[in-house]
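Here is a short briefing to read alongside the model.

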Amino acid sequence: MSQALITPFTLRGAAGKLAAWEAAPPAGAEHRGTALLVPGFTGSKEDFEAMLPLLADAGYRAVAYDQRGQWESEGPDEVSGYTMADFVGDLHGVVDQISPDEPVHLVGHSFGGYVSRVAVIERPARFRTFTLLASGPSSVEDINFPPPQLVAQMVEAGGQETIWQQMSAVMAQADQQPSPERMEFLRERILRTKQANIIGILTCMAEPPVKDPATLRDSGVPLLVAYGDTNDLWAPEVHAEFAKQLHARTAVYPGSGHVPNEDVPDRVCADLVTFWKERA
């Protein structure tokens with residue numbers, strides 16, 4: 001069992017405070033670098049709760065944060081404050097705060113991978129490696145997800161509760177019923193996430209985050225595509241083809257779905273550490 005502790009701290013975002021967690025390597029351990037983990041749509045830093053201590057044990061300072069308007073982070077009330085440029089700008093600012101002198105290992109889960117790939121293209125020198133974790137090419141034609149514009153209209157009409165009802169139904173159909181405590185947290189997190197954040201992200205998702213994979217491939221940053229194989233959102237074949245287009249390494253988690261970071265965190269961390277040691 002990991003001995004590393006998770007410590008809450010606060011980062012500066014362009015629209016207010018960003019809530020963050022970090023886990024540091026044990027005293028006396030070799031410090032191998034800094035890793036930044038970015039959550040996806042309706043997510044938060046808690047999505048990496050099991051991973052942060054494991055990465056710290058491996059010698060990495062591991063940091064995760066709530067994106068603007070998510071869960072415990074501040075953000076504007078207007079949808080106009082949640083463009084891709086806004087999310088990417090926050091990510092660049094976070095990197096500069098947590099590792100001003102050295103590039104970081106970047107991990108983007110789902111929509112966090114959308115934001116992260118744009119950031120890598122814009123400032124490749126700031127990243128030692130980049131991992132797309134359960135983050136496919138887009139949310140347009142290659143994903144098992146309702147059209148983002150339609151979901152946005154539903155949220156505008158019914159609020160955050162609409163998203164919670166959809167998530168609850170999906171978990172029930174997949175026979176993935178978390179504990180009552182976990183369900184309570186998931187519901188509270190969605191209700192406390194700003195509606196403008198949810199609609200803003202859905203608006204971002206209506207377009208591919210990067211139209212030409214070659215742009216990311218040619219950044220020079222070593223790439224890993226990691227995913228589960230149960231076809232929760234993107235079919236395994238979609239991830240595999242995307243990795244091929246990117247000339248990226250792959251890591252596959254049989255029996256896991258869209259959240260291998262929660263399903264098999266030890267295996268994800270082991271693959272990350274191996275990738276980081278070999279490619280950085």
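A residue counts as buried under 20% relative accessible area, as exposed over 50%, and as partly exposed in between. Arg32, with a relative accessible area of 31%, is therefore partly exposed. Please keep in mind that this is a predicted model.

**The sheet**
- The strands form an open sheet of 8, in the order E1-E2-E4-E3-E5-E6-E7-E8, and the pairing is mixed.
- Strand E1 (6–13) and strand E8 (249–253) are the edge strands, each pairing on one side only.
- From one strand to the next, the twist averages 20°.
- Strand E3 (residues 33–38) and strand E4 (residues 60–65) run parallel and are joined by 5 bridges.
- Within this pair, Gly33 stands opposite Tyr60 in E4.
- Helix H9 (residues 236–246) packs on the sheet, where it touches strand E6 (127–133), strand E7 (223–228) and E8.
- The direction of H9 makes about 175° with that of E7.

**Helix H11**
- How far apart are the end C-alpha atoms of helix H11 (residues 265–279)? They are 21 Å apart, which agrees with the 21 Å that its 15 residues should span at 1.5 Å a residue.
- The buried residues in H11 are Pro265, Val268, Cys269, Leu272, Val273, Phe275 and Trp276.
- As background, an α-helix has 3.6 residues a turn, so residues three or four places apart point the same way.

**Salt bridges**
- A search of the whole structure finds 15 salt bridges.
- Arg32 pairs with Glu30 in a salt bridge, with 3.6 Å between the closest N and O atoms. Glu30 has 52% relative accessibility, so it counts as exposed.
- Asp96 and Arg126 form a salt bridge whose closest N and O atoms are 3.3 Å apart. This pair links distant parts of the chain, 30 residues apart: Asp96 is in helix H2 (residues 84–98), and Arg126 is in the loop between helix H3 (111–122) and E6.
- Is Arg126 buried or exposed? Its relative accessible area is 12%, so Arg126 is buried, whereas Asp96 is partly exposed at 33%.
- The side chains of Asp218 and Arg217 also meet in a salt bridge, at 3.3 Å from N to O. Asp218 is exposed, with a relative accessible area of 56%, while Arg217 is partly exposed at 31%.
- A network of salt bridges links Lys45, Glu46, Asp66 and Glu72.

Key: Residues are numbered from 1 along each chain as its sequence is written. This is a predicted model: local features need pLDDT of at least 70, side-chain atom pairs count only at pLDDT 80 or more; totals for chains, interfaces and linings use all residues. Side-chain values use heavy atoms; hydrogens and water are left out. Two strands pair if DSSP finds at least two bridges between them. Helices (H or I, at least four residues) and strands (E, at least two) are DSSP runs, numbered from the N terminus. Axes are lines fitted to C-alpha atoms, for helices over the stretch in contact, and angles run from 0 to 180 degrees between N-to-C directions. Contact means heavy atoms within 4.5 Å. The expected span of a helix is 1.5 Å times one less than its number of residues. Buried means under 20% relative accessible area, exposed over 50%, partly exposed in between (1.4 Å probe, protein chains only). A salt bridge is a side-chain nitrogen of Lys or Arg within 4 Å of a carboxyl oxygen of Asp or Glu.
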